[in-house]
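Please look through the sequence and the model below before reading on. The numbered points that follow are meant as a colleague's notes, to be checked against the structure as you go.

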Amino acid sequence: MGRQWTVEESVVIDAEPERVYAAVADPRRMGEWSPEVFAVRVRGRRVVPGLTFIGFNRIGARVWFTNCRVVEAVPGRAFAFRVTTFGVPVAVWGYRVEPVGDGSTRLTEHWEDLRREGRGAAFASILGRVFTGVPADGRAEVNRQGMRITLARIKSRLER
């Protein structure tokens with residue numbers, strides 16, 4: 001099949017869109033949801049475009065960090081951030097929040113691989129393999145599995 005450059009997964013949650021957005025748009029809570037993120041250091045208080053944070057991640061014994069900048073923060077609708085490593089673009093991660101009636105919300109998590117062209121992309125791909133143990137052409141499937149876990153955790157927590 002070839003390399004996948006985008007992945008998205010969705011779940012319907014029995015909670016209002018504003019509540020779902022509040023859960024996913026707070027970088028400090030990423031460690032609650034993600035199977036890879038174990039800590040986040042946020043530089044700022046308000047979650048608005050331009051807010052930066054560092055994500056500390058782990059797969060097995062491998063640990064690494066990423067620099068992130070919020071690129072979209074629309075309360076009740078969408079949240080996204082751009083990931084770089086050593087100044088090189090790596091990915092965009094985000095969430096779309098959509099009301100589906102009866103107070104429920106469809107939450108879609110999405111990812112786009114930005115390691116597409118040039119020396120920077122090759123460098124970021126090599127770093128990704130070294131730090132995470134995942135080759136660039138396997139990252140989409142790892143992320144798909146992680147998204148399913150993340151969305152299940154958010155759904156479970158918000159529906160309690």
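1. A term needed at once is the salt bridge, which is a side-chain nitrogen of Lys or Arg within 4 Å of a carboxyl oxygen of Asp or Glu. In this predicted model, local features need pLDDT of at least 70 and side-chain atom pairs count only at pLDDT 80 or more, while totals for chains, interfaces and linings use all residues. Residues are numbered from 1 along each chain as its sequence is written, and side-chain values use heavy atoms, with hydrogens and water left out.

2. The side chains of glutamate 9 and arginine 144 meet in such a salt bridge, at 2.7 Å from N to O. Glutamate 9 belongs to strand E1 (residues 6–13) and arginine 144 to helix H4, so this pair ties together parts that are 135 residues apart in sequence. Helices (H or I, at least four residues) and strands (E, at least two) are DSSP runs, numbered from the N terminus. Both glutamate 9 and arginine 144 are buried, where buried means under 20% relative accessible area, exposed means over 50%, and partly exposed lies in between, with a 1.4 Å probe and protein chains only.

3. The structure holds 12 salt bridges, and another of them joins glutamate 36 to arginine 139, with the closest N and O atoms 2.8 Å apart. Glutamate 36 sits in the loop between helix H2 (30–33) and strand E2 (37–43), whereas arginine 139 is in helix H4, so the pair ties together parts that are 103 residues apart in sequence. Glutamate 36 and arginine 139 are both buried. Through shared partners, salt bridges also join Glu9, Glu141, Arg144 and Arg148 into one network.

4. Is the salt bridge between arginine 29 and glutamate 32 made by buried or exposed residues, or by something in between? Their side chains meet at 2.9 Å, N to O; arginine 29 is partly exposed, with a relative accessible area of 22%, and glutamate 32 is partly exposed as well, at 33%.

5. For the overall plan, the protein has 4 helices and 7 strands, which follow one another along the sequence in the pattern β-α-α-β-β-β-β-β-β-α-α. Its radius of gyration is 15 Å, close to the 15 Å that the globule rule gives for 160 residues, so the protein is as compact as a globular protein of that length. The radius is taken over C-alpha atoms, and the rule is 2.2 Å times the number of residues to the power 0.38. Of the 160 residues, 46% count as buried.

6. Helix H3 (residues 118–132) has 15 residues and reaches 21 Å from its first C-alpha to its last, close to the 21 Å expected at 1.5 Å a residue; the expected span is 1.5 Å times one less than the number of residues. Which residues of H3 are buried? They are Ala121, Ala124, Ser125, Leu127, Gly128 and Thr132. Seen down the axis of H3, these fall within an arc of 165°, so they line one face of the helix, the arc being that of the directions from the helix axis to the C-beta atoms. The face turned away from the buried side carries the exposed residues Arg119, Ile126 and Val130.

7. The largest nonpolar core has 36 residues, and those with the most contacts inside it are Ile13, Phe53, Phe79, Phe81, Leu107 and Ile154. Such a core is a set of buried Ala, Val, Leu, Ile, Met, Phe, Trp, Tyr and Cys residues joined through side-chain atoms within 4.5 Å. Leaving aside neighbours within four places in sequence, isoleucine 13 is in contact (heavy atoms within 4.5 Å) with residues including Val20, Leu107, Ile154 and Leu158.

8. Phenylalanine 86, in the loop between E5 and E6, has a phi near 50°, a positive value in a residue other than glycine, and at 55% relative accessibility it counts as exposed. Aspartate 102, in the loop between E6 and strand E7 (104–113), has a positive phi of about 55° although it is not a glycine, and this aspartate is exposed, with a relative accessible area of 83%.
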